[in-house]
Amino acid sequence: MTLRRFILIAIPFSWLLLFFLVPFIVVLKLSLSDPAIAIPPYTPTLDPSSGWAGIKSFFGQLDFDNFTFLTLDPLYYTAYLSSLKIAVISTMLTLLVAFPMAYGMARAPEQWRPTLMMLVILPFWTSFLIRVYAWVGILGKEGFLNMVLMWIGIIDEPLTILNTNIAVYIGIVYTYLPFMILPIYSTLEKLDMSLIEAAEDLGSTRAQAFWLITAPLSLPGVIAGCFLVFIPALGEFVIPSLLGGSDTLMIGKVLWDEFFANRDWPLASAVAVVLLMILIVPIILFQRNQQKQMEADQ
Amino acid sequence: MKKPSWFNITSLTLGFAFLYIPMLVLIAYSFNGGRLVTVWAGFSTKWYGELLSNEAFLDAAWVTLRVAVATATLATVLGTLAGYVLVRGGRFMGRTLFAGMAYAPLVMPDVILGLSLLLLFKTMFSSMGMTTVILAHTTFAMCYVSVVVSSRLMSFDRSIEEAAADLGATAFDTFKSVTLPIIFPAVLSGWLLAFTLSLDDLVIASFVTGPGATTLPIKIFSAVRLGVSPEINALSTIMIGIVTIGVITFSVINKRQIAQRLRDEKMAG
């Protein structure tokens, strides 16, 4: 290996080691520590000056108390379960909205497609926070939606949507919609239309042709889109805190409060470690799906 | 070409209405004279005036801009290197670990990245500030740059690089005069992506920020926590406007380049 090649590899490698891997080891260590009223607010701290005895006593003081606490206090396991529920339901809802759109885009006349594509990508470049905030003015008691519905005469009393789980679902579907549309669109666009024509010529109905050909062939895109929505939705913080209510429990928000409001760093770290363990399975499945698709493309 | 079906037209219309109506409502209310959302008190630009005379917002915007430029530049250098190493680096010790680390921040929840980086910074620095925000943003933004650059590297014909090497160019010369010009559009989109990611980030910045380094998203978040604020509508309108102009310009330039390339190929053929 030449020196130049070594340096080329070493620069990004050491950056990621220092700022990505080492922080995780710190979180892992802290999740095994205990909170303390001190600076820093946890114990034990490693004191290299006291030598071998110090290291031994440091490891001796680490324990799994925080993780035991997470299983004992219902706040935490309900938060994990409700995050999972919210993430699953909103992924399904996003798919329901995104598929017809992606399908319509793929079937649109060719000269429209770049414009439609740009219309999907444009919100993606717009601030996430602002897009979530836009719904605060729409879903509130005196918001735009209630105003329109009452003006038309569909309802007499304003609906309570803001600060409920429904608002969280709407927020997640809205902000993550482009992530679902784009992978589905790219599989549908590649789909050979003559297959569907052949099926219809051979006597299958449109619905049959859809379920037998379009649906299975677009599956890789659907799977990729679902992971792209599910994974970030599970740890979401901004949407539940702006649109959700006091009964909306999501683990990202619990972690935030544990850290900023209660200043319990070790417990916040334990919450993070468990969240990561839950996410590892979908992340690995997602990567396998991507790899399979890439190999199929080549 | 078949005529588009009613089903497709309906789903596209409803879908795009869902995507765009919230932003249009947000923009419309930034020109409302009154503070209440429900009451239309006439057209007015007074919230823009209040926004522009609000020192705290201007300071935050300035901080955010500096952080985003520094992040985008640093992340583009590191991300391009990482993408290059992943595609052209061959085998080396720890390659799997490296590939995993270059990919993981893309799917990691912000709360975890923010918390873990803060805990690290606490052991490295005595106080948090713009430097720590830039370091944190660079770490996740470089992974996005690496994805964009490596996918471009994978799709281009390697024989051009080999030809340059055969003609006696050193590895560095080949990179400088062959590889870099070809991947340059990807490097540029990587820079823009990193810039936008840094501009947008609320969660990670909230963890690793310190006195004097309040970014715009942090400011916006604390202003809208308790409900609608017309100044924020005005600010959002400005930001949406800038992004829209940027995206349209970029796609027009892109379209022209593609058209030009097609013409060139026709001429050559």
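Tutor: The unreviewed UniProt entry annotates residues 61–253 of chain B as "domain: ABC transmembrane type-1"; UniProt positions follow the numbering used here, feature names are shortened, and annotations may be inferred rather than shown by experiment. Residues are numbered from 1 along each chain as its sequence is written, while chains are lettered from A and ligands numbered from 1 in the order in which they are written. This is a predicted model, where local features need pLDDT of at least 70, side-chain atom pairs count only at pLDDT 80 or more, and totals for chains, interfaces and linings use all residues; side-chain values use heavy atoms, with hydrogens and water left out.

The annotated span is 83% helix and 0% strand, and its end C-alpha atoms lie 28 Å apart. Helices (H or I, at least four residues) and strands (E, at least two) are DSSP runs numbered from the N terminus.

Now for the meeting of the chains. Chain B brings 87 residues to the contact and chain A brings 79, with contact meaning heavy atoms within 4.5 Å. Together they bury about 7,700 Å², 83% of it on carbon and sulfur atoms. Buried area is the accessible area (1.4 Å probe) that two parts lose on being put together, summed over both. On the chain B side, Phe18(B), Leu19(B) and Met101(B) lose the most area to chain A, together 8% of what that side buries. Helix α1 (residues 6–30) of chain B gives the most to that side, with 14 residues.

What about polar links? The rule finds nine residue pairs in polar contact across this interface, both residues at pLDDT 80 or more. A polar contact is a pair of N or O atoms within 3.5 Å; within protein, one must be able to donate a hydrogen and the other to accept it, and residues adjacent in sequence count only if both atoms are side-chain atoms. For salt bridges across the interface of chain B and chain A, the count is zero; such a bridge needs a side-chain nitrogen of Lys or Arg within 4 Å of a carboxyl oxygen of Asp or Glu.

So, to gather up the interface: it has nine polar residue pairs and zero salt bridges, and 83% of its buried area is on carbon and sulfur atoms.
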